[in-house]
Amino acid sequence: MKTVFVHLSDIHFGQEKDGGTDAENADAKKRLIEDASEEVGKFGGKAHGVIVTGDIAYSAREEEYALAAEWLAELTDAIGCQRTDVQLVPGNHDIDRTKITNTIDSVLYSIREGGDEWLDKHLDDESDCKILYERFDAYKGFALDYRCELDLNGGISMSAKLDLAPGRAIRFVRLNSALICSGKKEEGKLILGKRQRLLPVDDGVENIVLSHHPLGWFQDSEKARGYLRGRARVFISGHEHFPRLEIVDVEDRCQLMMLAAGATAPDRVDDKYTYKYNILAFEWDEDNDALAVSLNPRTWDSSVARFRRDDEFMNGKEERQVLESPNFRKRAKQSDHEKTAVEGKLVEELLTEIDERLPEYERRFELDETKTAEMIDVELVEAEPSQHVRDLQLRFFQEFSQGDRLKAFVEFGVLDQVKGRIDHSMERRLFRRAVRQGKAREIEQLLEAA
């Protein structure tokens with residue numbers, strides 16, 4: 001099965017400082033949707049999703065993510081995938097820099113100077129860890145709607161496996177490369193850390209690693225490179241606004257694709273930087289038992305004010321790259337029975353919500369004791385919701401203000417009263433609880449009436 005994705009990076013919603021630039025960027029984004037729809041159609045009509053390698057927003061404000069959600073909904077509708085089929089990682093512009101106080105700046109400085117040891121020391125401290133992730137508050141809520149939640153203890157997050165053929169799958173591994181970003185000069189100063197360098201390994205599964213920053217921006221880039229060379233098949237990054245493609249021969253019968261993206265909406269448009277995005281297709285190459293990646297780079301052509309194929313970027317390279325894939329070969333080739341019995345499909349995983357942070361919620365969210373105890377008992381393990389519920393949840397969080405959502409939770413009877421602060425993750429649990437209690441139709445009616 002060939003799986004097709006539209007790959008974006010550095011969209012920077014909210015960056016425009018004047019109406020002219022705003023109109024120009026809006027026009028380019030509209031043309032991108034038209035172009036992506038046409039190009040995806042050449043693969044059979046439908047995409048499997050969208051990949052965004054960071055900097056969705058410009059200043060990490062709620063209203064910027066609201067604009068991003070509206071545009072992504074138009075894009076996903078146009079390319080034929082579900083609105084929730086979006087893979088996201090944060091970039092340096094997805095940090096709320098107004099939350100970098102002198103105290104936080106000192107913490108970030110100590111990590112940059114102390115390296116891995118100091119990063120782990122702060123991640124192991126509950127209050128320090130909380131401070132590090134408060135800068136991502138708006139991004140966290142946005143990413144949750146697409147099931148791309150951040151690991152809040154310095155680790156990676158991952159997608160479900162996407163089957164390409166029986167016993168052959170890809171998996172998106174999402175890095176938070178902006179964890180210790182401070183807004184200062186950062187090339188070569190950032191740290192991924194031990195917890196994000198350790199990529200998973202499974203026979204039959206090749207990792208597609210997403211990061212906003214290219215490897216050269218990390219102090220621990222050489223250590224990270226070792227894990228990538230041994231455990232990943234594709235590394236996709238953004239940030240530098242200029243595209244690059246390299247196929248690395250790691251060792252005998254093992255290759256790694258390094259793809260750096262151009263900016264979808266750069267902060268300036270000139271002879272070097274302009275609007276760019278990619279169409280990516282992943283498939284199993286049966287002849288070589290390998291992962292094949294097809295790349296259709298798209299760039300803005302100012303001579304006709306529309307997107308076209310970026311032939312200069314490809315510079316004679318083959319559009320379809322077959323990567324030697326040791327993790328595929330470790331899995332014995334499927335039997336003839338499997339060939340006929342199984343079709344490629346997205347493997348949905350159970351979402352286990354044994355929420356170790358619940359004590360934190362109890363401190364911040366002052367429900368009466370009976371209600372809280374009941375919620376703990378019911379929601380320890382939650383099955384993966386249907387696509388209809390995921391779509392409904394996306395609309396509920398994107399179209400209603402927090403005040404309207406909390407009012408609805410009270411009306412649905414899943415919430416008695418609100419006395420403290422409630423975060424997006426807790427709201428999401430309340431939403432799922434309302435659906436389980438048969439309130440889906442009432443939610444639809446609220447959305448229709450809005």
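**View A. The bridge partner of V52 is L88, which sits in β3.** This is a predicted model: local features need pLDDT of at least 70, side-chain atom pairs count only at pLDDT 80 or more, and totals for chains, interfaces and linings use all residues. Residues are numbered from 1 along each chain as its sequence is written, and side-chain values use heavy atoms, with hydrogens and water left out. Strand β3 covers residues 86-89, and β2 pairs with β3 in the parallel sense over four bridges (strands pair if DSSP finds at least two bridges between them). To get from β2 to β3, the chain goes through helix α2 (residues 62-79), making a right-handed β-α-β crossover. Right-handed here means that, with the strands pointing away from the viewer, the path from the first strand over the helix to the second runs clockwise.

**View B. Strand β2 also has β1 as a parallel partner.** Strand β1 spans residues 3-8, and four bridges join β1 to β2. Look for V6, which stands opposite V50 in β2.

**View C. Strand β2 is largely enclosed by the rest of the structure.** Five of the five residues in β2 (residues 49-53) are buried, where buried means under 20% relative accessible area, exposed means over 50% and partly exposed is in between (1.4 Å probe, protein chains only). Which way do the side chains of G49, I51 and T53 point, and which way do V50 and V52? G49, I51 and T53 point one way from β2, while V50 and V52 point the other way. In a regular strand, side chains alternate between the two faces of the sheet. Across the protein's 450 residues, 55% count as buried.

**View D. β9 and β10 form a hairpin.** Two residues lie between these strands, and R253 in the turn has a positive phi of about 60°. β9 and β10 pair in the antiparallel sense over seven bridges. One place to look is R244, whose bridge partner in β10 is A260.

**View E. F242 and Y273 make an edge-to-face pair, one of the structure's 17 aromatic pairs.** Their ring centres are 6.4 Å apart and the planes meet at 85°. Rings of Phe, Tyr and Trp (its six-membered ring) pair if their centres lie within 6.5 Å; planes under 30 degrees apart are stacked, over 60 edge-to-face and the rest tilted. The pair links distant parts of the chain, with F242 in the loop between β8 and β9 and Y273 in the loop between β10 and β11, 31 residues apart. F242 is partly exposed at 36% relative accessible area, whereas Y273 is buried at 15%.

**View F. F396 and F431 make a tilted pair.** The ring centres lie 5.2 Å apart and the planes are at 45°. F396 is in helix α14 (residues 387-399) and F431 in helix α16 (residues 424-436), so the pair ties together parts 35 residues apart in sequence. Both F396 and F431 are buried. Ring pairs join F396, F397, F400, F409 and F431 into a cluster.

**View G. K29 has its charged end over the ring of F13.** The distance to the ring centre is 3.9 Å. A charge sits over a ring if NZ of Lys or CZ of Arg is within 6 Å of the ring centre and within 35 degrees of the ring normal. The charged end of K272 sits over the ring of F242, 5.4 Å from its centre.
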